[in-house]
Amino acid sequence: MPGCDDLEGRTLHSLGLQILSRKHVFSALGRTPQPLNRFEEDLLLCDLKALAGGKTRASELLDEYVAAWAVAQGDEPGFPANSEQEKFAKVAVDWLKFHEAMLIGEIVPYLLLYLKHNPAAGEHTEFKHVLTDEYQDLNKAEQTIMSYLSANAHACIVGDDDQSIYSFKFAHPEGIREWHNHNSGTNDHALDECQRCPTTVVEMANALIAHNTNRKPRVLKGIAATLHHLNDSRSQRILWLLEELGTPYEMKSYQRNAQTRLAPPELQQAHPLGKSPVITDGDVRIAESGAIVDYIIRRYGKGAMMPAPGSAEYEAYAEWLHYSEGSAMLPLMLNLYVSRLKEAGAPLHPRIESEIANHLGYIEGALGSREFFVGPSLSGADIQMSFVAEVAKSFGKLAAYPNFAAWLTRMHARPAFKRSVEKGGAYRLAG
Ligand SMILES: N[C@@H](CCC(=O)N[C@@H](CS)C(=O)NCC(=O)O)C(=O)O
């Protein structure tokens, strides 16, 4: 990408040290940005202990001196709060000047001091783009530095005032909330969708952050879909798909009635048809396997498990997604139901048998020696066609179609399929 070699990522301290090391900055501040080592700090404390009334007090006062600028939440470094601190700070700074040294904790306040009192300095226009990450964790003085450095640049701040964890370092999360007030024309991009955690975790986070004070109310969304899974059913393939993608998901289990094999009435709360699979995902609710496979892959697949739209392979992929339930399952389901009629169903069987043979023969030929239905790797087409093969096998009809049978064995050997069976409960069609 053009210009990417000019990008630099660094901490504010290292940037500060670099700027303070410039000759013109040195002559403006009169301080040498040579960080004082820990063991050298001991010498300073020894020299100042008489003034402070003991070495321990000297150490405390030194800490107070470097923290003062951050504690005060001001944009002026130092801010001694009382005469003891003021006297100590003055002598400490003289000592540091004499020894041509600087405390690490002075780098940021001195950078601020320099930028504030030298508005015409080149550093104010040095950068074209300034991107600050975790803005909510900077204290006010650090945020002021970033606004000086980006006043003439494109500024981008990234952060979340709900996640400010550095209160002990005087972080100023208000800075991100108030950014609009000081920067007209700001473009806000909300990142309200959690890409990592399932919905329950996000709901817990929402409940927790609702207690934060002074926040702008907003609700995080989880991106996980919920699969309403009926044991021993077509929804097994959706579980398998979710396991293949490794995307977070939630599963609500429903058990078939042991006698009737029908789904329990609760499934109607997920979808009026009362059948499985159903997925719910925010405002989305889908109750048809092919459409579910298509949605999940587009929504969570990050380009995997489907051919590029517009390609010839994509058309074949879409055809298999529809074909499975739209055509291939019909004679297999008729076989299931008509068999229950025993003798009464006999006149229908020849047509059912020939249609089953028609479809399985077609699938066998289309699959040929291919490893997968479409393209060089597993796709939604394989997921969607698996139930056809499983049901055909359960009727003892798959062995006559060796390509399709071997393909099913390969699919069932996949670790994600095995995981889906562990998660979904006993699946009679897996055998
Ligand atoms: N074509 C639909 C069929 C859905 C369907 O019939 N699911 C069956 C499970 S394999 C079901 O829920 N049966 C229970 C019932 O009808 O009570 C799909 O593929 O999603």
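User: Where in the chain is Arg261 found?

Analyst: In this predicted model, Arg261 is in the loop between strand 6 (249–254) and helix 12.

User: Why is Arg261 called exposed?

Analyst: There are 9 other C-beta atoms within 10 Å of Arg261. A residue with 12 or fewer is exposed, so Arg261, with 9, is exposed.

User: What is the phi of Glu134, and where does Glu134 lie?

Analyst: Glu134 is not a glycine, yet its phi is positive, about 50°. The residue lies in the loop between strand 1 (129–132) and helix 7 (140–150).

User: Why does Glu134 count as partly exposed?

Analyst: Glu134 has 16 C-beta neighbours inside 10 Å.

User: Why does Leu48 count as partly exposed?

Analyst: Leu48 has 19 C-beta neighbours inside 10 Å. Buried requires 20 or more, so Leu48, with 19, counts as partly exposed.

User: Where is Leu48, and which residues is Leu48 in contact with, leaving aside neighbours within four places in sequence?

Analyst: Leu48 is in helix 3 (residues 38–52). With those sequence neighbours left aside, Leu48 is in contact with Ala58, Val91, Ala92 and Trp95.

User: How many residues in sequence, and what distance in space, lie between Leu48 and Pro272?

Analyst: Leu48 and Pro272 are 224 residues apart in sequence, and their C-alpha atoms are 80 Å apart.

User: Which residues of helix 1 are buried?

Analyst: In helix 1 (residues 12–20), the buried residues are Gly16, Leu17, Ile19 and Leu20.

User: How do you know that the buried residues line one face of helix 1?

Analyst: Looking down the axis of helix 1, the buried residues fall within an arc of 165°, so they line one face. Among the elements that cover these residues are helix 2 (23–29) and helix 6 (104–117).

User: Why is one side of strand 6 and of strand 8 left without a neighbour in the sheet?

Analyst: The open sheet has four strands in the order 6-5-7-8, with mixed pairing. Strand 6 and strand 8 (284–286) are at the edges and each has a single partner strand, so one side of each lacks a neighbour in the sheet. From one strand to the next the twist averages 15°.

User: What makes strand 7 and strand 8 count as a pair?

Analyst: Pairing needs at least two bridges. Three bridges join strand 7 to strand 8, and these strands run antiparallel, so by that cut-off they pair. Asp281 stands opposite Val284 in strand 8. The hairpin of strand 7 and strand 8 has two residues between the strands, and Gly282 there has a positive phi near 60°.

User: How is strand 5 joined to strand 7?

Analyst: Strand 5 (residues 225–230) is antiparallel to strand 7, with three bridges joining them. His228 stands opposite Val278 in strand 7.

User: Which residues surround the ligand?

Analyst: They include Arg234, Leu262, Lys275, Ser276, Pro277 and Glu325. By class, the shell has four nonpolar, four polar and four charged residues.

Note on methods:
Residues are numbered from 1 along each chain as its sequence is written. This is a predicted model: local features need pLDDT of at least 70, side-chain atom pairs count only at pLDDT 80 or more; totals for chains, interfaces and linings use all residues. The arc is that of the directions from the helix axis to the C-beta atoms. Two residues are in contact if their C-beta atoms, placed from the backbone, lie within 7 Å. A residue is near a molecule or strand if its C-beta atom, placed from the backbone, lies within 6 Å of it. Ala, Val, Leu, Ile, Met, Phe, Trp, Tyr, Cys and Pro count as nonpolar, Asp, Glu, Lys and Arg as charged, and the others, Gly among them, as polar. Axes are lines fitted to C-alpha atoms, for helices over the stretch in contact, and angles run from 0 to 180 degrees between N-to-C directions.
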